[in-house]
Amino acid sequence: MIAAQAKLVYQLNKYYTERCQARKAAIAKTIREVCKVVSDVLKEVEVQEPRFISSLSEIDARYEGLEVISPTEFEVVLYLNQMGVFNFVDDGSLPGCAVLKLSDGRKRSMSLWVEFITASGYLSARKIRSRFQTLVAQAVDKCSYRDVVKMIADTSEVKLRIRERYVVQITPAFKCTGIWPRSAAQWPMPHIPWPGPNRVAEVKAEGFNLLSKECYSLTGKQSSAESDAWVLQFGEAENRLLMGGCRNKCLSVLKTLRDRHLELPGQPLNNYHMKTLLLYECEKHPRETDWDESCLGDRLNGILLQLISCLQCRRCPHYFLPNLDLFQGKPHSALESAAKQTWRLAREILTNPKSLDKL
């Protein structure tokens, strides 16, 4: 048993060195290329409209505010200034979303974003995004990379296609620190010893982002409050939870397997699903010794089996917002074929670790 476990860990480490590191290096190169273009476009936007200041900056060889969705798809979060005169309201009526409401009608004129405030006092995510989209479209025509960058039409999101190969979504956002959403109040579960009080305090202080983007839990519903709503995002908090042990290595292996074998029609699975299931695995295995390098095979196996179960039940709850289903809107047939393909992958890895050489 121990020999089989050691063999799997050996093969996974080899896979990590050969496949995952190569993936990381290729993505890092793409990011540098993409960020040059995006920075140039955003510089042009800033000239036209100083309220949209680019926050895309390189810190320790990684770009702050950039999410890798897949090797050819990225999201850049553009942090906006001054949210002060608004109250943050998340009463659970819009899963995964919240609204920003003027704390006092008289403060309307004090807001930097006064023309995007609706008659009922909400700061409209949709109106800000629509204005930003117009600015980006103009900037694309003026910037020095105009030959290689195009706006993607037919969407209310701000998306650029670069060199016909890469897609970058630019999302206006507010950073919220020092508060924690009511819809995430059940975290951490009182009976689960992970992540421990100190880490919990750090994560809650890290806060979350409010993004101006289409919320898939609202698709089809178009009341005004909903189209004005902001999407909750916990990227930094999640990254802080995954520090230590073999957690990040495990995530890297999962992402590489997804990119190579689970990129399926209907897009049932993305890297965020992998990250979410890894967080649930951390709760199931709360001790640090469970995340020793020697346990990498067990943890990976546990996550793949959990993924199969979620795909078969057609439900994958968000880690911080369990009322939000990350599979919502995905075609059932796509989830079904992803379950079969994940099962084949898990069986292959478990019964024949050497198969990782070919995966």
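1. Start with the rings: Phe88, Trp180, Trp187, Phe208, Phe234, Tyr280, Tyr319 and Phe320 are linked into a cluster by ring pairs. Rings of Phe, Tyr and Trp (for Trp, the six-membered ring) pair if their centres lie within 6.5 Å; planes under 30 degrees apart are called stacked, over 60 edge-to-face, and the rest tilted. Across the whole structure, a search turns up 14 aromatic pairs.

2. A quick word on what you're looking at: this is a predicted model, where local features need pLDDT of at least 70 and side-chain atom pairs count only at pLDDT 80 or more, while totals for chains, interfaces and linings use all residues. Numbering runs from 1 along each chain as its sequence is written, and side-chain values use heavy atoms, with hydrogens and water left out.

3. Now take Trp180 and Phe320. Their ring centres are 5.5 Å apart and their planes sit at 80°, so this pair is edge-to-face. Trp180 is in the loop between strand E9 (166-176) and helix H3 (197-206), and Phe320 is in the loop between H8 and helix H9 (332-351), so the pair ties together parts that are 140 residues apart in sequence. (Helices, H or I with at least four residues, and strands, E with at least two, are DSSP runs numbered from the N terminus.) Both Trp180 and Phe320 are buried; that means under 20% relative accessible area, with exposed being over 50% and partly exposed in between, using a 1.4 Å probe and protein chains only.

4. Trp187 and Tyr319 make another edge-to-face pair, at 6.5 Å centre to centre with 70° between the planes. Trp187 is in the loop between E9 and H3 and Tyr319 in the loop between H8 and H9, so here the parts tied together are 132 residues apart in sequence. Trp187 counts as buried at 2% relative accessibility, and Tyr319 is buried too, with a relative accessible area of 3%.

5. On to a helix pair. The axes of H6 (residues 247-261) and H8 (residues 296-313) come within 10 Å and cross at roughly 50°. Axes here are lines fitted to C-alpha atoms, for helices over the stretch in contact, with angles from 0 to 180 degrees between N-to-C directions.

6. Lastly, have a look at Asn239 in helix H5 (residues 235-241). Asn239 is partly exposed, with a relative accessible area of 28%. Leaving aside neighbours within four places in sequence, Asn239 is in contact (heavy atoms within 4.5 Å) with Arg62 and Lys275.
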